[in-house]
Protein chains: 2
Amino acid sequence: LKASVALDELAIIDRYFRPLAGEGAFALKDDAARLHVPPGRDLVVTTDLVAEGVHFRPDDPPASIARKALRVNLSDLAAKAATPLAYTLAIAFGRRVDERWIESFAAGLRGDHERYGLTLLGGDTSAAGGPTMISIAAFGLAPRGGMAHRFGGRPGDLLFVTGMIGAAVAGLAILEGERFEGIDDAARAQLVARYREPEPPMRLASAIAEHASAAMDVSDGLVGDCDKLAAASECSAIIDAERVPLPLGLAHDVDIVSRLITGGDDYEILAAIPPSKAEAFRAAASAAGVAVAEIGTLTVGKERTEVRLRGRPLTLYRRAYIHLQADKR
Amino acid sequence: LKASVALDELAIIDRYFRPLAGEGAFALKDDAARLHVPPGRDLVVTTDLVAEGVHFRPDDPPASIARKALRVNLSDLAAKAATPLAYTLAIAFGRRVDERWIESFAAGLRGDHERYGLTLLGGDTSAAGGPTMISIAAFGLAPRGGMAHRFGGRPGDLLFVTGMIGAAVAGLAILEGERFEGIDDAARAQLVARYREPEPPMRLASAIAEHASAAMDVSDGLVGDCDKLAAASECSAIIDAERVPLPLGLAHDVDIVSRLITGGDDYEILAAIPPSKAEAFRAAASAAGVAVAEIGTLTVGKERTEVRLRGRPLTLYRRAYIHLQADKR
């Protein structure tokens with residue numbers, strides 16, 4: 001490497017990240033930002049990281065990696081009935097990057113700023129070797145006292161899920177060389193696109209605030225995430241797998257269905273809606289342009305979610321993606 | 001690996017991180033937290049990451065790694081005149097860890113909760129391979145309108161620095177096998193300890209709020225960081241190297257002095273104080289138990305900081321640790 005062709009951290013920030021800074025970020029020329037919370041609103045904070053080899057692949061387009069890093073956080077905000085506001089960005093680069101990569105990454109962020117009304121508050125970068133890791137803390141605003149939670153669901157509540165489940169995990173399998181019979185290349189490309197760029201249903205936030213007794217984002221696998229919502233709500237749950245919105249052409253095979261509903265990376269919303277509010281929730285979702293499907297119910301009990309396929313219990317060998325295991329002492 | 005000896009993510013969170021959760025964190029059983037900003041205060045947000053091989057070493061004690069990950073953020077808060085409140089924690093584990101590692105890491109966090117008045121708001125973990133990376137976003141409270149900035153310094157302001165500069169970079173060199181002549185093993189151990197566990201001068205926050213025209217934390221190297229404060233304040237600066245508080249026994253060698261004042265990892269505070277407030281600032285620092293040293297002045301100009309050693313200009317071959325370089329297009 002010649003010094004003459006290198007762009008250092010300060011030049012990178014100046015050229016590509018400073019234009020993304022918003023109110024309170026002091027043009028990224030300070031050590032910290034000031035975040036203003038308007039009266040009558042609650043500040044909602046979440047953090048999610050994406051890691052190369054886990055959430056994205058080394059050859060994914062940098063703009064897609066940027067969007068995914070942001071959106072895996074935005075889905076948490078929407079599921080809590082919050083509107084996105086701003087975020088901080090920490091990147092540990094695993095390998096030397098070129099300016100083109102950073103320019104494309106920043107362009108991906110910029111597009112989502114416009115799409116979701118976001119600004120960058122601050123960040124940190126490091127070059128550490130190994131897989132690249134991008135960690136975001138995202139901030140949103142919910143109506144005062146109106147934040148949704150995983151807890152609060154009650155037996156009898158209907159379970160709704162947004163969008164499509166399993167597209168991302170199928171897309172990743174395709175990138176890893178798997179061919180799914182019965183779908184064409186255009187369908188495969190759509191699944192890959194969804195793995196690379198989730199589309200969290202941000203416009204559902206107000207319907208969640210108004211109608212949901214409990215809600216969460218679906219990120220680690222629908223079944224395992226439903227277990228978490230049910231447990232936090234001190235309930236059990238039933239999911240009818242044939243009602244789960246799956247990618248067209250993949251629902252014929254029970255093993256594939258099992259993978260799709262436990263694979264993760266969906267960044268959709270699972271919501272518990274009291275039956276009395278179901279019609280209003282459907283109408284609000286429709287008005288917001290968000291597809292929702294009723295897939296099951298919360299039930300009395302403490303067991304894990306029972307998944308049925310055409311009325312018969314479906315045996316699952318895993319329930320969700322497990323991010324971390326440690327050896328016991 | 002046998003499944004019977006593995007502890008999964010949920011069990012790890014339940015056992016080691018849930019006890020660290022504070023108000024608004026919903027016992028880490030939700031997707032996001034709610035952060036309350038009391039009336040009359042401003043919320044200050046910062047993010048810094050630490051990466052294995054850059055900020056800590058694989059064999060560092062896990063409790064030290066936890067403290068360092070937190071404290072590199074806390075120094076930013078103190079430098080902005082903010083009192084620590086809470087943080088989010090994202091960890092990408094590079095290798096399989098055991099329960100003992102996590103227990104010790106969590107104990108390190110817990111000790112700093114008590115020491116600094118912190119709580120954990122939420123987090124995310126992943127197992128990605130490569131070096132372990134820990135990214136924290138930290139939240140603090142400043143008096144309304146009282147946040148300090150890098151900008152605001154004026155020519156004639158006196159430059160003060162807290163604590164000691166260069167101990168961490170010397171400690172790292174010792175860990176890498178360097179012996180510094182003229183110091184004993186006890187002194188070496190102290191330098192290593194400072195590399196592993198910075199001690200940001202948190203109690204200086206109110207003196208900064210009251211007396212500083214500009215302030216920042218010293219994290220990438222005193223000289224380079226002084227360049228940043230001076231540039232943000234549209235000034236130049238002079239530092240007298242012999243007035244910089246350096247580790248005992250290392251100030252005799254001009255090459256070592258150069259390394260100490262440009263090496264980084266200090267997590268001290270550099271503050272610009274108008275001469276009329278210098279006495280009051282010294283008294284406030286003394287009352288807070290924080291050692292401060294006057295090391296130079298802001299001057300008229302746009303040049304980088306002039307460093308003098310016993311009255312003669314000191315030529316430096318680098319000014320700070322550079323975290324990231326990218327290849328130009």
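Which strands of chain B does H3(B) lie across, and at about what angle does H3(B) run to E4(B)? H3(B) lies across E4, E6 and E7 of chain B and runs at about 165° to E4(B). Contact here means heavy atoms within 4.5 Å. Axes are lines fitted to C-alpha atoms, for helices over the stretch in contact, and angles run from 0 to 180 degrees between N-to-C directions. Helices (H or I, at least four residues) and strands (E, at least two) are DSSP runs, numbered from the N terminus.

The model is predicted: local features need pLDDT of at least 70, side-chain atom pairs count only at pLDDT 80 or more, and totals for chains, interfaces and linings use all residues. Residues are numbered from 1 along each chain as its sequence is written, chains are lettered from A and ligands numbered from 1 in the order in which they are written, and side-chain values use heavy atoms, with hydrogens and water left out.

Five strands form an open sheet, in the order E2(A)-E3(B)-E7(B)-E4(B)-E6(B), with mixed pairing. Two strands pair if DSSP finds at least two bridges between them. Strand E2 (33-35) of chain A and strand E6 (119-127) of chain B are the edge strands, each pairing on one side only. From one strand to the next, the twist averages 25°. Strands E4 (residues 83-93) and E7 (residues 133-143) of chain B run antiparallel and are joined by 9 bridges. B:Ala92 stands opposite B:Met133 in E7(B). Helix H2 (residues 62-79) of chain B lies across strand E3 (41-51), E4 and E7 of chain B. H2(B) runs at about 140° to E3(B).

Rings of Phe, Tyr and Trp (its six-membered ring) pair if their centres lie within 6.5 Å; planes under 30 degrees apart count as stacked, over 60 as edge-to-face and the rest as tilted. A:Phe151 and B:Phe26 form a tilted pair, at 5.9 Å centre to centre and 50° between the planes. A:Phe151 lies in the loop between strand E7 (133-143) and strand E8 (158-162) of chain A, and B:Phe26 in the loop between helix H1 (9-17) and strand E2 (33-35) of chain B, so the pair joins two chains. A:Phe151 is partly exposed, with a relative accessible area of 33%, whereas B:Phe26 counts as buried at 18%. Buried means under 20% relative accessible area, exposed over 50% and partly exposed in between (1.4 Å probe, protein chains only).

B:Trp101 and B:Phe105 are a stacked pair, because their ring centres are 5.2 Å apart and their planes lie at 15°. Both lie in helix H3 (residues 99-116) of chain B, 4 residues apart, about one turn of the helix. B:Trp101 and B:Phe105 are both buried. In chain A, A:Phe93, A:Trp101 and A:Phe105 form one aromatic cluster.

Charges over rings were also examined. A charge sits over a ring if NZ of Lys or CZ of Arg is within 6 Å of the ring centre and within 35 degrees of the ring normal. A:Lys68 lies over the face of A:Tyr195, 4.0 Å from the ring centre. B:Lys68 lies over the face of B:Tyr195, at 4.0 Å.

Burial marks two further elements. Helix H7 (residues 222-232) of chain A has 9 of its 11 residues buried, so it is largely enclosed by the rest of the structure. Among them are A:Asp225, A:Cys226 and A:Asp227. Strand E9 (residues 214-218) of chain B is mostly covered, with 5 of its 5 residues buried.
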